[in-house]
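These are my notebook entries on one protein chain and its ligands. I set down what I looked up, entry by entry.

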Amino acid sequence: MISRVKGTQDFLDMTLFNVLIKSTKEHLAFHNFIEIQTPLLEHLDLFQRSLGEHTEVVSKEMFIIEPRQESSERICLRPEITASIARAFVENGIQNIPWKVFTYGPCFRYERPQKGRYRQFHQISIEVIGASSVSQDVQFIAMLNALFATMCIDDFVLAINFLGCSDDRVNFIHVLKKFLDAQSGICRQCLERKEHNVMRIFDCKNVDCQTIYKDAPHIVDHLCECCMQEWQQLQRQLSLLSVTYVYQPTLVRGLDYYNKTVFEFMSNALGAQNTFCGGGRYNKLVKEIGAKEDQPSIGAALGIERLMLLLEPLKETFVVEDEIDPLYVIIPMTNAQHDMALCIAQDMQKYGLCVDVLFEGSVKSMFRKANKLGAAFALIIGEDEQRDDCVVVKDMSAGSEQKIKKEEIVDFLLQQESCSI
Ligand SMILES: [Zn+2]
Ligand SMILES: [Zn+2]
């Protein structure tokens, strides 16, 4: 008998897998993400450059395809999808930013198969490329938080940390190395990591190392002023949206490309491999891959196998519907209206309204963007509206507008929807 390849699995019932994908797709459509697909095969260079040569994924776990004699191309099976999406962004000359996309499918890592780890595993990758506002991070994390809530997963913890900009990281690496130099008893692997990829020491499972690192310096205590403000804004706005989180100073994520915001969703129901979604900001990756300019971006990867383990007991409880709803685009005129925009968007989404918020660009470009997105209504919040606690609701096809009190927005829009049916 020919058996399946080590570290792979057969899905003999795709029901749960499909329900999971379907409800994720629906949720992402509500948040104005579009689905794309990139190849499973990529050039090895892509991951060497993006993930970092010294990360374990690249140094030990790549599935490299032996080149035929006539070709010297080094091709591999993708170990993750973010770098592929960034490559697609650059290669296809995407101009329309923020580019809010997602895709899902298999990824491959040549690691020792163990419980909860496969050589072929499946991920949903969600990315916002070309968006620098911290408000965007907050909305992104809140969107994921709401997704898991709609799936009825409630036994999870959201951990966050802030890694700062590249200068902060260089400074912190000095601080951390100095701390490590003064310690004895850290394991061999960590000593090696200290030279090449010192931030990874925090992932060490060795008990002695863990005890030592409890007293390690925190990167958030070594941020520049600008990053410090962003870190505080991140925490404040997460609380504003009632997103529960814990600050975890040792959370660094495995890959080199992360900076600033990083986060993980974890569940105790999963045992040792307890992270089922992780992500963060990657402001330099797009340039690293060959674009002329940096594109500040944020993304997340969701582990499908791990989500399926969490959903198995809840299989019957979530329902999926199919329909296309009108889109409402909120336009805060300046950063000062971001808080109000975030709250209104959250309120509207609770009532099943399809909402996007434009956090960046001139007012003119935001209107152009709203038009391009096919918005039914634009909700404009300027200084006056903020003061009066209302918004200007503009009917994008009729061109008419009216001022609506904040607390009456949802009722007003639901009424418009029922009229148009
Ligand atoms: Zn900084
Ligand atoms: Zn260690």
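Entry 1, the site of ligand 2. I looked up the geometry of the zinc ion (ligand 2) and found a tetrahedral site, with angles of 105 to 115° among its four donor atoms. Four donors count as tetrahedral if all angles lie between 85 and 135 degrees. For reference I noted that the ideal angle for four tetrahedral donors is 109.5 degrees. The protein donors are Cys-187 (SG), Cys-190 (SG), Cys-204 (SG) and Cys-209 (SG), lying 2.2 to 2.4 Å from the zinc ion (ligand 2). I took as donors N, O and S atoms within 2.8 Å of the metal (3.2 Å for Na, K and Ca); water is not among the atoms, so sites may look incomplete. In sequence these donor residues follow the spacing C-x2-C-x13-C-x4-C. I then checked burial, where buried means under 20% relative accessible area, exposed over 50%, and partly exposed in between (1.4 Å probe, protein chains only). Cys-204 is buried at 4%, and Cys-209 is buried at 0%.

The model is predicted: local features need pLDDT of at least 70 and side-chain atom pairs count only at pLDDT 80 or more, whereas totals for chains, interfaces and linings use all residues. Residues are numbered from 1 along each chain as its sequence is written, chains are lettered from A and ligands numbered from 1 in the order in which they are written, and side-chain values use heavy atoms, with hydrogens and water left out.

Which residues coordinate the zinc ion (ligand 1)? I found Cys-165 (SG), Asp-168 (OD), Cys-224 (SG) and Cys-227 (SG), at 2.1 to 2.3 Å. The site is tetrahedral, with angles of 91 to 126° among the four donor atoms. The donors of the zinc ion (ligand 1) are spaced C-x2-D-x55-C-x2-C along the chain. Cys-165, in the loop between β7 (157-162) and α6 (166-181), and Cys-224, in the loop between α8 (207-213) and α9 (225-240), are 59 residues apart and link distant parts of the chain. I took helices (H or I, at least four residues) and strands (E, at least two) as DSSP runs, numbered from the N terminus. Cys-224 is partly exposed, with a relative accessible area of 28%.

I traced an open sheet of eight strands with mixed pairing, in the order β1-β5-β6-β11-β10-β9-β7-β8. Two strands pair if DSSP finds at least two bridges between them. β1 (34-35) and β8 (246-247) are the edge strands; each has a single partner, so one side of each is left without a neighbour in the sheet. Helix α5 (residues 134-150) packs on this sheet and touches β6 (120-129), β7, β9 (259-266), β10 and β11. Contact means heavy atoms within 4.5 Å. The direction of α5 makes about 10° with that of β9; axes are lines fitted to C-alpha atoms, for helices over the stretch in contact, and angles run from 0 to 180 degrees between N-to-C directions. Strands β10 (residues 275-281) and β11 (residues 297-303) run antiparallel and are joined by five bridges. Cys-277 stands opposite Leu-302 in β11.

Entry 5, strand β15. How many residues of strand β15 (residues 390-395) are buried? I found five of its six residues buried. Strand β14 (residues 377-381) pairs with β15 in the antiparallel sense over four bridges, and Ile-380 has Val-392 in β15 as its bridge partner. Strand β16 (residues 401-405) runs antiparallel to β15, with five bridges between them; there Cys-390 is partnered by Lys-405 in β16. The hairpin of β15 and β16 has five residues between the strands, and Gly-399 takes a positive phi near 85° in this hairpin.

The peptide bond from Ile-97 to Pro-98 is cis, with omega near -5°; Pro-98 lies in the loop between α4 (82-91) and β5 (99-108). Asn-32, a residue other than glycine, has a positive phi near 65°, and is buried at 19% relative accessible area. Ser-242 also has a positive phi, near 55°, but counts as exposed at 61% relative accessibility.

I counted 15 helices and 16 strands. Buried residues make up 51% of the 421 residues.

Notes. Tetrahedral: all angles 85-135°; square planar, octahedral: opposite > 155°, others 65-115°.
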